[in-house]
Amino acid sequence: MRPRFLSRGAPRAALAAAFTAVLAFAGLTGATWHAAAAADPLISVSKPVTASSIESANFPAGAVVDNDPATRWASAWSDPQWIQIDLGGPATVSKVELQWEAAYAKAFRIQTSPDAVSWSTVYENAAAAGGDQSLSVSGSGRYVRLTATQRANGYGYSLYEFKVYGQVTTPTTGYVYADPPVTGVVPSTYQPPHAYFHEFQANCTATHNLPDDPIVYPGKAGASHLHTFLGNPTVTAGSTLASLAAGTTTCLAPGDKSGYWMPTVLDGNTPVMPNNLQTIYYKGAVTDYTSVRPFPPGLRFVVGSPTASATEFATSPGYVAGWECGDGYHSVDLPTACPGGGDVAIRYQAPSCWNGVHLDTPDHKSHMAYPINGVCPATHPVAVPMIEFKVGFPADLDHLAQLHLSSGRGFTFHYDFFNAWDPPTLAALVNHCIVGGLQCDPRGYDQNQPQRGAALNAQYRLP
């Protein structure tokens, strides 16, 4: 029987009774209605993701939080495997949704953790059937992990989406806001004419070592592990955009007074300084390289993690080829052999999608994201240059076994960037080289296309 509607002047009690009748008719009574009315939001979109393995770069871990049912994470073809999401702060978790491809987990568990070390199981299934699964859970923690222990077939695990619902307690301090913010940007899906390259270089020498980090420990001298700084020689724990802009630089372009730093490479207890000029690439990492815009002044972030495990390092979207030495490549840890001789070197890529609002966030990462399949996520719609560190250290072949980082093993490599470019100089290089689809040196000159000219003059300044 269809419930009748009461007249506009019906008493409040009658309205309440009628509303209860409607809920009863729909099967939404008591606690069920409360849950439906107060459903928790989706809190996992575009959050940092790590995994035990990836089948290939075509199936990255970050695909499970891009809210795109056409992209997926795929693991190695072995048991067990795991994938976890960093929610960015302490959270209560009420629901998890999994969208499996045909290679699903027959047995798995969902776990939460405050620190990614100690885990509590909030859901477990030993006879799952794959497909789309909506799981009611009750747990808390900053990290949520899916641990798969039995595959349904001979392939690895393949997951389209890993959605977490709940409430996150975000810090109220540690945010630095852009002034003005960049709003109204929609991630570009345009495919411009093909260009083999869209990049330029910053060539800078190392300047000094200090146990300082003005991003992670601002104003706290000596609070960090030892860092090796490149570019601006004035960087200390107390550095700000104003102090960097007033400083100098060892980069070829005088307009680049940015701070670049990384954990110091140590030969036993002796710091090993990078060789001569180092290359820091600025690249277009989205399909629409014409949509890339310069960094805003004062943008800062940390790439990688000093607490990363070997697996987290190797499966990070910033991983390129690991450590290399001579003819040896793809080493997750610092190499202990150098076939053919040469330098010990590493390349590592930064996220290149910005949320347009924050110059920094409490974890120094959440305002940045990696593109998914060449497109920035909707939460981080502003495409900016992708920084790629390419740093080399002289190798003493008799001491390779003694090499380590000030932060620990080789897989704890990470780096910091604090933008203090002269805005017109940076804009000229971005527009000429990245947007223009060129392969530029630090002058903004592409020797393969000399007719296009250069962005800077022979002194690496704006003409």
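This is a predicted model: local features need pLDDT of at least 70, side-chain atom pairs count only at pLDDT 80 or more; totals for chains, interfaces and linings use all residues.
Searching the whole structure turns up 4 disulfides, a disulfide being a pair of cysteine sulfur atoms within 2.5 Å. Residues are numbered from 1 along each chain as its sequence is written, and side-chain values use heavy atoms, with hydrogens and water left out.

Number the bonded cysteines of the protein chain in sequence order and the pairing reads 1-2, 3-4, 5-6, 7-8. Let's go through three of these links.

Start with C204 and C251, joined with an S to S distance of 2.0 Å. C204 sits in strand β11 (residues 199-204) and C251 in the loop between α3 (241-245) and β14 (259-263), so this bond ties together parts that are 47 residues apart in sequence. Helices and strands here are DSSP runs numbered from the N terminus (helices H or I, at least four residues; strands E, at least two). The S-S torsion of C204 and C251 is about 100°, so the disulfide is right-handed. C204 is buried, at a relative accessible area of 0%, and C251 is buried too, at 8%. Buried means under 20% relative accessible area, exposed over 50% and partly exposed in between, using a 1.4 Å probe and protein chains only.

Next up is the disulfide of C325 and C338, with sulfurs 2.0 Å apart. It links C325 in strand β19 (residues 319-325) to C338 in the loop between β20 (328-331) and β21 (344-349), 13 residues apart. This link is left-handed, with -85° about the S-S bond, and both C325 and C338 are buried.

Then there's C353 with C376, sulfur atoms 2.1 Å apart. The torsion is about -85°, so this disulfide is left-handed. C353 counts as buried at 0% relative accessibility, and C376 is buried at 7%.

Now for the sheet. What order do its strands take? This open sheet has 3 strands, running β16-β15-β27 with antiparallel pairing; strands pair if DSSP finds at least two bridges between them. β16 (270-272) and β27 (403-405) are at the edges with a single partner strand each, so one side of each has no neighbour in the sheet. β15 (residues 265-267) and β27 are joined by 3 bridges, and L266 has H404 in β27 as its bridge partner.
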